[in-house]
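Subject: Handover of a structure and notes on its salt bridges

Dear colleague,

Please find the structure below, passed on to you for your records. My notes on its salt bridges follow.

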Amino acid sequence: MKRFALWAPLAIFALLFAVVASGLFRPAEKVVRSAMVGKPLPDFALPAMIPGKPGLTSASFRQGKPRLLNVFASWCIPCIAEAPQLMRLKAMGVPIDAIAIRDTAPAIAGFLRRNGDPYERIGSDRASQVQLALGSSGVPETFVIDGRGIVVKQIIGDIRPENVAEIVQAVKDAR
């Protein structure tokens with residue numbers, strides 16, 4: 001009995017280690033299901049973020065033409081990483097609007113100067129109210145919106161080069 005008591009802590013540790021290790025090596029679910037897909041955009045009206053570029057309203061997504069809605073910020077490192085892909089999408093004819101989260105006009109203007117400006121409209125969401133209403137958990141996030149204002153796809157995180165063709169197809173399918 002003394003031998004069992006002596007080896008019991010090691011056996012418990014080994015069992016605990018096996019459970020944790022199996023969780024680390026099991027493939028994780030990579031797709032985050034969005035509660036907004038298939039639903040209309042919430043009603044919102046955001047003021048313009050920078051001079052010379054209009055603000056953003058939910059009504060602008062109900063004009064019969066699919067578009068992207070990109071949620072970003074100047075202080076967001078992954079937003080910088082996805083900027084070339086957004087410029088590529090713009091060059092391919094995909095209309096893109098944006099919501100700038102908790103940011104300032106000078107910071108956004110600098111971000112666009114450094115990284116390119118793919119946006120037709122940029123709304124300022126200083127308190128993240130619209131971001132939260134969209135179910136967005138962070139930046140960047142991008143939504144494909146059909147011409148009736150319905151969310152058809154949500155991309156969580158930065159857009160990578162391998163995502164561009166899929167996004168273009170989603171916009172085409174949303175027509």
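A salt bridge here is a side-chain nitrogen of Lys or Arg within 4 Å of a carboxyl oxygen of Asp or Glu. Please note that the model is a predicted one. Under this rule, eight salt bridges are counted.

One of them joins R148 and D146, whose side chains meet at 3.1 Å, N to O. R148 is exposed because its relative accessibility of 61% lies over the 50% cut-off. D146, at 6% relative accessibility, is buried, because that value is under 20%.

A second pair is E120 with R67, with a distance of 2.5 Å from N to O. These residues lie 53 apart and link distant parts of the chain: E120 sits in the loop between helix 3 (105–115) and strand 5 (122–125), and R67 in strand 3 (residues 67–72). E120 has a relative accessible area of 40% and is therefore partly exposed, since this falls between the limits of 20% and 50%. R67, by contrast, is buried, with a relative accessible area of 5%.

R121 and D97 form a further salt bridge, at 3.0 Å from N to O. This pair also connects distant parts of the chain, 24 residues apart, with R121 in the loop between helix 3 and strand 5 and D97 in strand 4 (residues 96–101). Both R121 and D97 are buried.

Finally, R67, D97, E120 and R121 belong to one network, joined by salt bridges that share partners.

With kind regards

Terms used
Residues are numbered from 1 along each chain as its sequence is written. This is a predicted model: local features need pLDDT of at least 70, side-chain atom pairs count only at pLDDT 80 or more; totals for chains, interfaces and linings use all residues. Side-chain values use heavy atoms; hydrogens and water are left out. Helices (H or I, at least four residues) and strands (E, at least two) are DSSP runs, numbered from the N terminus. Buried means under 20% relative accessible area, exposed over 50%, partly exposed in between (1.4 Å probe, protein chains only).
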